Amino acid sequence: MLIKKMWRDLIRNRTQFIAIYLMSFAGLLIFVGIDGESAGAARAAEAYYKQYNLCDIWVQGAGFSDEEVSKADKVTGVKDVEKRLTLTGTADTLSGDDTFMYINFLTSNEINRLMLYEGEPYDENKEGVWLEEWFARTNRIKVGDDFTVKIDSMQIDTVVMGIVDAPDYVYYVSEADVMYPNYYKCGLAFMSPLMYPDPEDIMYNRLIIDVSEDMADDDSISVIRDKLKNTFDRDDIAITDRHQDLSFATFDAEIKQHQSMGFMFSVVFFSIALLGIVTTMARVTANQRTQIGTLKALGFSNIEITVHYVSYGFVISLLGCISGAVTGYLTIPPWILGMFEGSYLMPGLNGVLTHKSVYFTILSVLAATMVGFFTCRKELKDPPAVTLKPPAPKKVRHSALERSKLWLKLDFSTQWNIRDVFRNKLRSLMGIMGVTGCAMLLCCGFGTFDSIDGLIDKMYGELMTASNKVMLGSEADYGYAYDLSKKLKGQMIQETAVELASGDVKKSGSATIVGRGNYMHIQDVKLRTVELTGNGIAITYKMAGLLNVKEGDYIKWHLVGDDEWQYTRIAQIYRDPSVQGLTMTKEVYESLDYTFNPTAILTNMSVPADLTNEDEVTSVLNVADMKKSFSETMEMMNAIVFIMVFAAVFLGIVVLYNLGVLSFVEKTREVATLKVLGFKSREIRKILQKQNIWLTVIGIAVGLYAGWGMLYIICTTVSDTLDMYPVLKFQTYLYTIAGTFLVSVSVNSMFSGKVKTIDMVEALKGVE
Amino acid sequence: MFKKKKKQENEIEIVDLNEDDTQEDAHTVIEFVGVCKKYSQGENEFYALKDANFSIKEGEMVVILGPSGAGKSTLLNLLGGMDSASGGQILFDGSDLTTFNDNQLTHYRAQNVGVVFQFYNLIPTLTAYENVALMRDIKNNTLDPTKALEAVGLKEHMHQFPSQMSGGEQQRTSIARAVAKNPRLLLCDEPTGALDTGTGKEVLKLLQEMCRDKKRTVVMVTHNSLFAEIADTVIRVRNGGIESIVHNEDPKDASEVNW
């Protein structure tokens with residue numbers, strides 16, 4: 001019978017239980033979805049890298065001999081070494097005859113193994129070319145088609161043998177500044193050394209090294225890198241590991257971004273939902289006080305009654321959590337992971353149900369159950385004679401305000417509302433919390449859009465003020481760059497990779513060496529534009545934080561490809577949103593005995609279209625393209641933000657609706673009394689709305705503040721390479737305030753509309 | 001079996017029944033010995049009941065009579081094991097309820113007591129039948145719910161929810177629920193309080209039948225002195241004390257009472 005009672009009670013209090021269901025559902029949907037997405041991406045990467053044996057160490061240099069290969073193979077910890085030649089060239093495709101190509105001449109292909117989609121598996125003794133799948137698909141190239149690549153003056157005419165993916169090319173772009181891949185204009189090809197025009201004279205420029213599994217941690221790899229350096233004893237090589245590899249690092253950063261943002265957001269969301277569940281459950285149970293007393297008086301034991309009431313929360317939250325977790329798992333990961341396509345060539349992207357998700361499900365069910373338990377226990381503490389009576393009225397103390405003279409000047413509705421708020425502190429607090437949560441998530445969500453916008457504006461409006469960037473290839477010498485910069489009235493810069501170290505911490509970053517000109521700017525920690533001094537190097541704020549150094553300290557750094565460490569004083573700390581590392585003037589760079597070798601020229605002049613035909617120029621990028629490309633990389637972040645905004649509104653509605661129902665039920669008698677006394681429904685509605693507006697205003701104020709805090713945390717933890725500043729635009733305040741108000745007021749007017757329907761006689765009857 | 005001289009401050013009228021010591025069949029079910037119930041609110045102490053002494057025999061119909069706030073409900077709550085006394089002994093079949101722990105009290109309520117509440121206290125989400133059948137969850141050898149409801153004349157409304165029934169029907173359901181438990185003690189708190197005269201009379205009749213035909217001990221709390229006429233014993237309560245205990249030689253039939 002009690003089970004029957006439970007089901008009927010669930011139906012009777014359906015608003016509350018649906019609210020609990022929805023909150024459990026939404027809390028778990030968001031948490032499991034976002035968690036499953038980032039965990040799924042991480043797992044796919046791990047599996048892919050493992051199965052296709054992504055190398056642990058890269059050695060780049062000119063012409064590796066077989067002798068060097070076998071020497072490297074003998075280093076402790078090294079499992080396997082393979083040499084390959086990686087070149088860039090062009091191919092004739094749908095998008096034109098100058099499609100940018102990465103061309104790899106592979107030997108055995110035991111490391112960085114190709115994953116075959118179509119055609120024949122790679123074989124170093126076979127002629128032909130293997131093409132990357134997205135590139136082939138975009139350009140409608142099939143197995144068996146003729147394919148021609150040009151490398152400098154060499155031309156290779158061959159046939160497509162297979163369509164593949166490679167674990168070391170999960171992410172590839174033609175230039176570092178083009179952040180979003182364009183497979184239409186940039187491709188990837190693999191060939192056997194047999195295909196090289198002069199196979200006898202092939203000079204392998206890369207060694208890829210696989211480390212034995214027990215040595216695959218960062219520390220051991222660093223040790224192996226040092227050993228390799230000694231083994232080769234050459235100045236012209238660069239030894240890097242996965243963290244410096246563009247493909248690995250970019251994908252890794254993407255996952256970390258999702259994890260930090262997703263976790264933060266879903267935990268906040270989950271907590272608010274949980275709070276809603278807990279308070280609702282407590283109130284629903286407490287409202288059954290008389291029934292608890294009756295059951296007890298009839299002779300049900302405390303245990304039977306407790307089990308009965310605990311099962312409400314258990315059943316509903318279990319249903320809500322499980323359906324939420326399942327829905328979250330089934331919908332969000334495919335949606336977000338679907339967006340990886342086109343940016344990342346990662347096979348096997350599927351959502352994962354993590355342990356964390358299971359724990360949160362259990363936690364959530366447990367919370368709803370425990371609340372039922374404790375509330376019920378509280379009611380069972382007294383003998384049935386006491387529980388059968390309505391609870392003793394709360395002791396009322398006059399607040400300081402009520403004693404002041406001001407009080408008497410307030411009108412009745414204000415007095416009534418002030419008393420009501422203070423007498424039902426928990427309910428009022430819950431109302432504020434609901435509004436706060438809604439405002440906070442909205443503010444943080446819109447703020448994330450603002451911050452990404454702010455980041456782009458800063459990068460391409462304040463820090464780099466040129467409208468075009470001419471990228472120079474390795475053929476361009478200083479003389480050429482100098483002449484071109486004169487012609488374009490431009491500024492020469494050299495961008496290169498570095499490794500920085502302080503104490504035990506090593507980080508890879510990028511170095512920017514700036515020639516004379518006025519297109520590159522830096523901003524100090526307080527975001528004021530400052531001049532780059534010539535007294536030393538400047539390092540980015542984020543990098544300084546990672547290395548735990550400050551202005552005036554010395555740090556060690558070296559160029560990637562040059563093993564000579566520099567020990568230089570940090571003259572300035574500056575902030576850069578997207579590139580972390582160091583910057584210095586050409587003069588400082590040259591004083592360290594390096595040769596300034598410009599890699600790009602920044603200019604505001606329009607660049608002649610035929611400039612790219614010159615061998616020294618690889619491409620010309622304009623600011624609009626760079627902005628577009630950057631915002632495309634933020635697409636997935638935007639998706640998460642979208643979920644956040646959507647969830648905020650949903651949560652706001654559920655929490656506020658639910659609270660509205662509960663408060664309305666509790667206020668029924670008072671409202672009926674007011675009606676009996678002769679208040680018009682319209683006046684009563686005004687009184688009720690007044691309180692709601694107060695609570696909403698407080699909630700929004702707290703929510704904006706909390707939202708800023710949440711945004712700040714997201715911005716500072718989002719990744720090692722992004723230094724985002726929290727930005728809240730005026731519109732965000734507007735949207736947040738208006739949005740929250742709309743949700744809160746419209747939900748409340750649904751209830752105040754019910755004032756008319758209260759039957760005075762019925763409402764006042766029935767209680768002793 | 002013994003009868004105590006009631007030491008009341010007010011002059012009380014005692015009808016000594018010592019002579020029916022011979023009637024060995026009349027077994028004492030419950031006995032109050034110097035029972036008091038104290039409530040304290042901060043510094044203030046307030047006796048809802050002080051030094052109550054009386055006993056109730058098996059199969060007796062007892063009416064506890066008194067104005068509001070006299071301590072009748074307290075007395076009933078103590079009888080039903082729904083509240084604990086602050087002093088004295090409450091003997092049920094010789095065992096002292098005041099020494100019972102929570103579990104023992106629950107067991108006592110479940111096995112021995114049926115309560116008819118003033119406001120019925122039916123479970124709103126269960127039908128009349130289900131409310132009565134609920135007792136099967138607590139106790140073995142309960143009466144058949146259909147029969148219990150039939151006995152109170154509710155066979156036709158059996159599958160209605162409390163909110164669909166009139167006050168009298170709800171009260172009768174409440175009685176059916178108490179009776180179905182087949183309890184030793186049937187306790188009724190103002191069973192006619194919320195009912196009109198006609199319905200009230202039917203309820204009274206029903207309770208009297210329980211007592212006379214089914215040999216149940218019925219204790220009824222009321223402020224209506226007319227009900228004294230149908231009781232075997234009338235206990236008058238005033239200001240937390242027992243004013244008088246009167247045994248009716250010839251109780252009236254419920255149908256004869258008019259109010």
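The crossing of H2(A) and H8(A) is right-handed, a crossing counting as right-handed if the near helix is turned clockwise from the far one by less than a right angle, and as left-handed if anticlockwise. In this predicted model, helix H2 covers residues 14–51 of chain A and helix H8 residues 302–340 of chain A. Helices here are DSSP runs (H or I, at least four residues), strands likewise (E, at least two), numbered from the N terminus. By class, the contact of H2(A) with H8(A) has 22 nonpolar, 12 polar and 1 charged residues. Nonpolar covers Ala, Val, Leu, Ile, Met, Phe, Trp, Tyr, Cys and Pro, charged covers Asp, Glu, Lys and Arg, and polar covers the others, Gly among them.

Two packed helices are described by the angle between their axes and the distance between the axes. Axes are lines fitted to C-alpha atoms over the stretch in contact, and angles run from 0 to 180 degrees between N-to-C directions.

| Helix pair | Angle | Axis distance |
|---|---|---|
| H2(A) and H8(A) | about 35° | 6 Å |
| H7(A) and H9(A) | roughly 60° | within 10 Å |

The second pair joins H7 (residues 289–298) and H9 (residues 355–380) of chain A. Its angle makes H7(A) oblique to H9(A), where angles under 35 degrees count as roughly parallel, over 145 as roughly antiparallel, 65 to 115 as roughly perpendicular and the rest as oblique. H7(A) passes H9(A) in a right-handed crossing. Arg289(A), Ile292(A) and Lys296(A) of H7(A) meet Cys376(A), Glu379(A) and Leu380(A) of H9(A), giving 3 nonpolar, no polar and 3 charged residues.

Chain A is divided into domain 1 (1–53 + 250–391), domain 2 (62–236), domain 3 (411–460 + 629–768) and domain 4 (466–603), with bounds from an automatic or database domain assignment. The centres of domain 2 and domain 4 of chain A, taken over C-alpha atoms, are separated by 30 Å.

Chain B has 6 helices and 10 strands. Of its 259 residues, 49% count as buried (20 or more other C-beta atoms within 10 Å of the residue's own, C-beta atoms being placed from the backbone).

The contact between the chains takes 21 residues from chain B and 20 residues from chain A, two residues being in contact if their C-beta atoms lie within 7 Å. On the side of chain B that touches chain A, H2(B) gives the most, with 5 residues. That side divides into 9 nonpolar, 7 polar and 5 charged residues.

Residues are numbered from 1 along each chain as its sequence is written, and chains are lettered from A and ligands numbered from 1 in the order in which they are written. Local features need pLDDT of at least 70 and side-chain atom pairs count only at pLDDT 80 or more, whereas totals for chains, interfaces and linings use all residues.

Methods:
Buried ≥ 20, exposed ≤ 12 C-beta atoms within 10 Å, placed from the backbone.
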